[in-house]
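Dear colleague,

Please find below the structure that I am handing over to you. My findings follow directly after it.

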Amino acid sequence: MSRILFALLLFVCAAAARAAPDAALVRQLADADSDVKIAAIRELARSADPGALRILRAMSEDGLALAGERVLIVDGGKVFDAATGAPVEGAENAEPVTVNNRIRGELAGALAALQLFDPDPAARLESAQRLQSRPGAGMAPLIARALERESDARIKALLALAHAQVRLADADPAVRLAAVRALSGSSSPAVKNLLLPLTGQSGQSGESDSRVRYAAISAVKAIEGRLARAETIGRVFSGLSLGSILLLGALGLAITYGVMGIINMAHGELLMVGAYSAYAMQSFFRSHFPNAIDWYLPAAIPLAFFSAALIGVIMERTVIRWLYGRALETLLATWGLSLILIQSARALFGAQNVEVANPGWMSGGIEPIANLPLPWNRVIIIGFALCVLLLMWLLMNRTRLGMFVRAVTQNRAMAACVGVPTARVDTLAFALGAGVAGLGGLALSQISNVGPDMGQGYIVDAFMVVVLGGVGQLAGAAWAALGLGVVTKLLEGWSGAVIAKIAVLVFIIVFIQKRPQGLFALKGRAVD
Amino acid sequence: MNDSFVSRFVSRFVFHFLAAPGARQRFGLIVFLGVALLLVPALHLALPPENAFHVSTYAITLLGKIMCYAIVAVAMDLIWGYGGILSLGHGVFFALGGYAFGMYLMRQIGRDGSYHSDLPDFMVFLDWKELPWYWSGSEHFLWAALLAVAAPALVAFVFGYFAFRSRIKGVYFSIITQALTYAAMLLFFRNETGFGGNNGFTDFKRVLGYTITSPETRLVLFGVTAGVLAASFVLARALVASKFGRVLTAIRDAESRVMFIGYDPLWFKLFVWTLSAALCGVAGALYVPQVGIINPSEMSVANSIEIAVWVAVGGRGTLLGPIAGAFAVNLAKSWFTVSFPEYWLFFLGLLFIVVTLLLPQGLAGLWRTLRRPRAARGTKT
């Protein structure tokens, strides 16, 4: 109990001592010599107490005056004693303290440093940013003190950088060496840029002390390694993101092609239907539930699925049904359907792209390691694609419909013989494939333009996934989509987007030479 | 005596053209060439524009363009109608031929471009100092003409060799050809490829030294196109009537059985595939000077599929059908895009569906069905 009281007493004393800056020091602020003034400003800034902040702020606003030996703060009509903070009466003969430009610059730095102790985190952040971009000499102890008290991670990182920056300019090589060592654990490009001049490899003379220089060189190397790793991880992530989109586009195609052996060239337009469902739902929410606008996207999921599935059923019943066994004709007929769908979308929604906004909860992102920002919408789409894949897998492997679909895929005639209603299975499978395409379009609406032609861009890619993965194979489609996405993005880092795309297409053409059945061929014998 | 000899000779001649097997087609061919080489130029040059029978420049350009398309349709029909291989990448061969000849036309501009340089304008724009190696020789007409045939044929040969060797067929082959044209389009869109990027080649001034927009040059190009169309028709007819053509058709209908008999389908398919590509190249080379532009959108997926619909509309497995199909669809297209631009895609889409659902034999099949009852009646009486 007594120890706590003692500690409390100490704290109160310390606070009191801080609240009243040293009067002699304050007097120096009004000295005639600029150098003395500057020394005093530095000293006051280093003390980091609120009283000093008040005095320096007043000084920077030309509110400091000297009356005899007392320094006064003139704030409007009121006058205070600068050292004690007590109100002062009758200081008419006070002479304002002159502040020239050199002192003004010094004051700005000092105020920024003092702001590090502001209770408002925003002010602290601003101050830390200013310090980091132009740290003043002699600020190191102050920053170190602020660093100890800081709790916000972002401000802390900035302060650590500023601290090291100041110490790197220190005259003592040991201090510089310690600073370099402290920085070598970082993985930010800013730190790398800070250390680069020391290495003497970028044209400058470099650090004079060889130990510090070597430490800087190895630190830069370590940081570069970490940066490269973050970049590679970032590439793989964007590859997975592309792959998840390809997967959503190709899943439906894998089903329709696998089950019915037909190429649905209108598949891209089913994606478009899904994307426009998101747009329609967004407009509906805007006009009817503007408060719940963030939730239009979940509400659009069933709409996207069922509107695409409905169009799929209509397509199957009116056109595709009559063309079974004539794959090339189906290809042409579905191309015709796709043209009609595109033109219908133009007639309904206009030829221009429509704007589909991300809901609030999908904007922003996370940064699991430094320099690796992952946008939420991409993360959510990867998760969404995996969910759809899981649901499809359950549907195909755990339900009666799925069993029928698999039976028809493997052997249509035999399935019909044992009583599988193949015609209805065809319709349902086509509707399912179309519905999944609609879901894919919904996801696409969050990251790319929504327009009548949007489906055309995905159709070739989706086919490549199906061809690569093997026909009628969910696992094949999944691996092919994610693999293609990652490979494309890694190649893009090497050679640019177009060359990467061409390389991937060439790769697929060569791959088909070796394995015409795709990665995951159905085992069994077939004859044509 | 003499009189009867003459009359016998004449009647023999007439019989030869009108009644012997294939004679009607030969007659049609002569009429076609006569119209294209004599009547159209006469109507274009001799009649004033106000005259109702005057053939306008627009009409000549349009018909010339469609005749290029008709050559492509014949080429497509050889590989699809007779070989059973649906290519969704024929646009790439057409465009390669066009680009090859376009290089020559670009060189013919000389220093009359907007930068007054020896290099084509787009290269000046890219700050290139000299022509890339593959442009060497492109100032020679014969080399360009050879390239227009050889480049697509070579691409087709290499691609076809690998595809047919591993027995890729059906929709798989179609999709891979689609990927081929898509990849080529992306490649040609790049400025670094050296073919003008997005804009391709345009603003041609001369061909063989003659002003490219003069009526005489247009008519010559028109006539050459008509001649090439007639020649490719004759060539295709000779091909499908030969033993080679019979084997090709057999491969289309039952490839495994043909193999079991002892033929290797690879070389049959590869030959007709390469020939088809070369014909497309010629068509492309004729297309570019008449239309005055070639750009990568010729290689778009949609363009290549449209080629398939000309053939489907006309009737696969016949030779006149695809030509008629190319004319019908493209005339409809120019009419729609001028009068009802927003309905063209509806019409084209419906055309795809109606032809595949109701008219699997196309216009040629419709013509035969309409004629058959009459012929049947004829044999009864």
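Into which domains is chain A divided? Chain A comprises domain 1 (16–115), domain 2 (118–208) and domain 3 (234–459), with bounds that come from an automatic or database domain assignment. Please note that this is a predicted model, in which local features need pLDDT of at least 70 and side-chain atom pairs count only at pLDDT 80 or more, while totals for chains, interfaces and linings use all residues. Residues are numbered from 1 along each chain as its sequence is written, and chains are lettered from A and ligands numbered from 1 in the order in which they are written.

Domains 1 and 2 of chain A

The contact between these domains takes eight residues from domain 1 of chain A and twelve residues from domain 2 of chain A (two residues are in contact if their C-beta atoms, placed from the backbone, lie within 7 Å). On the domain 1 side, helix 3 (34–47) and helix 5 (101–115) of chain A each supply at least two residues; helices are DSSP runs of H or I with at least four residues, strands are runs of E with at least two, and both are numbered from the N terminus. Helix 5 of chain A gives the most to that side, with four residues. By class, the domain 1 side has four nonpolar, two polar and two charged residues (Ala, Val, Leu, Ile, Met, Phe, Trp, Tyr, Cys and Pro count as nonpolar, Asp, Glu, Lys and Arg as charged, and the others, Gly among them, as polar).

Chains A and B

The contact between the chains takes 31 residues from chain A and 34 residues from chain B. On the side of chain A, the elements that give two or more residues are helix 14 (327–349), helix 19 (456–469) and helix 21 (497–514) of chain A. Helix 14 of chain A provides the largest share, 13 residues. This side of chain A has 25 nonpolar, three polar and three charged residues.

Chain B

Chain B has 15 helices and four strands. Its C-alpha trace spans about 80 × 60 × 50 Å along its principal axes. Buried residues make up 43% of the 381 residues in chain B (buried: 20 or more other C-beta atoms, placed from the backbone, within 10 Å of the residue's own). Among the contacts in chain B with a separation of 6 or more, 76% are between residues 24 or more positions apart.

In helix 14 (residues 344–358) of chain B, the buried residues include Leu345(B), Leu348(B), Phe352(B) and Val355(B).

Notes: Buried ≥ 20, exposed ≤ 12 C-beta atoms within 10 Å, placed from the backbone.
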